[in-house]
Amino acid sequence: MVKQMKLYPLLFEPLYFNKIWGGNKISRHYQRNLNSPGIGESWELISNSSYSSKVTNGNLYGTPLKELFCKEIMGSYVTANYSYFPLLIKYIDAADDLSVQVHPSHTIGKDTKNEMWYFIDAPESGEIICGVDKNFSIQSIQDSLCKMKVKRGDSVFIPSGAVHAITKGSFVLEIQEPTDITYRLYDWDRTNPDGTTRELHVEEAVKNTVTDYTENDFVCNPAIMTDGNQSEISLIKKCSHFTVEKWIVKRELKTTSRSDRFSIINVLSGTPSLESDDHGMVLIPGDTVLIPAELGSYTLYGPCELIHSYV
């Protein structure tokens, strides 16, 4: 089906999840009519055994992402190296502290979950939890946690095996590997709405905890790659699992799809126009766009700020 039609940038329907720590920023920031309070996560792009984002624009309307795993859209590099969509893109609204948690470590198995946070809003405390000290002890967990200062516009990389927690007031864009395995180490003695204690996974969490990460492993220092009167592009993070850039389009940015792999654009601010051949769209903050690998040339008209990511 894809081979018989002209490629175009793809929009998808978000999937929303209520969380005990969720708030209302996803609805408020992004003009989304969400009647349910406590939305903690919006999964913008996902394809796994349980969920698959669906296209909301153009001729592919209603098509699940899992049915678009072809060279034309995913790219030859992706189809040769993966059998699944290799990223999960989500927004996280933390109206309260998240649990102290850890994802599977590379030292244990293959199901790693490296992730990066871009802070659209910073936490009220100005700090998040990243790592534990060398004398880490579950008996004195709060004293073992390392804090890291963050502000709006900062980015933080969380490698697999790192103890971490997003804190109250944070609103982040998260780019991550799609593995959905999280071990709760500590949850502030919080209870569920029915009064029961929230489940912890202390044994697995401790087994997967890497204690030798330092703040340098978490900090992202954006490096400007191009800077002109039309646009500015900075590299935020490049690792073996994904690359994340920030694009500031002052007037316009003429660019080309990556040919051997898809890419993703998240709109942080502005209402950019995106034009490719005979297809055009106007985007708004919060929009997530999948750029097919073989789309070819396209142009973004600003002013706007975007996050651009790819494997």
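Questions and answers on a predicted model follow.

The model is predicted, so local features need pLDDT of at least 70 and side-chain atom pairs count only at pLDDT 80 or more, while totals for chains, interfaces and linings use all residues. Residues are numbered from 1 along each chain as its sequence is written, and side-chain values use heavy atoms, with hydrogens and water left out.

Me: Which strands are the edge strands of the open sheet of seven strands?
Reply: Strands are DSSP runs (E, at least two residues), numbered from the N terminus, and two of them pair if DSSP finds at least two bridges between them. The sheet has antiparallel pairing and the order S1-S20-S17-S22-S15-S14-S13. Pairing on one side only marks the edge strands, S1 (10–11) and S13 (223–227).

Me: In S20, which residue is the bridge partner of Asn266?
Reply: Strand S17 (residues 263–270) and strand S20 (residues 288–291) run antiparallel and are joined by four bridges. In S20, the partner of Asn266 is Thr288.

Me: Is the pair of Phe85 and Phe262 stacked or edge-to-face?
Reply: Rings of Phe, Tyr and Trp (its six-membered ring) pair if their centres lie within 6.5 Å; planes under 30 degrees apart count as stacked, over 60 as edge-to-face and the rest as tilted. The ring centres of Phe85 and Phe262 are 4.8 Å apart and their planes lie at 25°, so the pair is stacked.

Me: How many residues apart in sequence are the parts that Phe17 and Trp43 tie together?
Reply: The rings of Phe17 and Trp43 form a tilted pair, 4.5 Å centre to centre with 45° between the planes. Buried means under 20% relative accessible area, exposed over 50% and partly exposed in between (1.4 Å probe, protein chains only); Phe17, at 17%, counts as buried, and Trp43 is buried at 5%. Phe17 lies in strand S2 and Trp43 in strand S3, so the parts they tie together are apart in sequence by 26 residues.

Me: Which ring has Arg258 over its face?
Reply: A charge sits over a ring if NZ of Lys or CZ of Arg is within 6 Å of the ring centre and within 35 degrees of the ring normal. Lys237 lies over the face of Phe157, at 4.4 Å from the ring centre. Arg258, at 3.8 Å from the ring centre, lies over the face of Tyr310.
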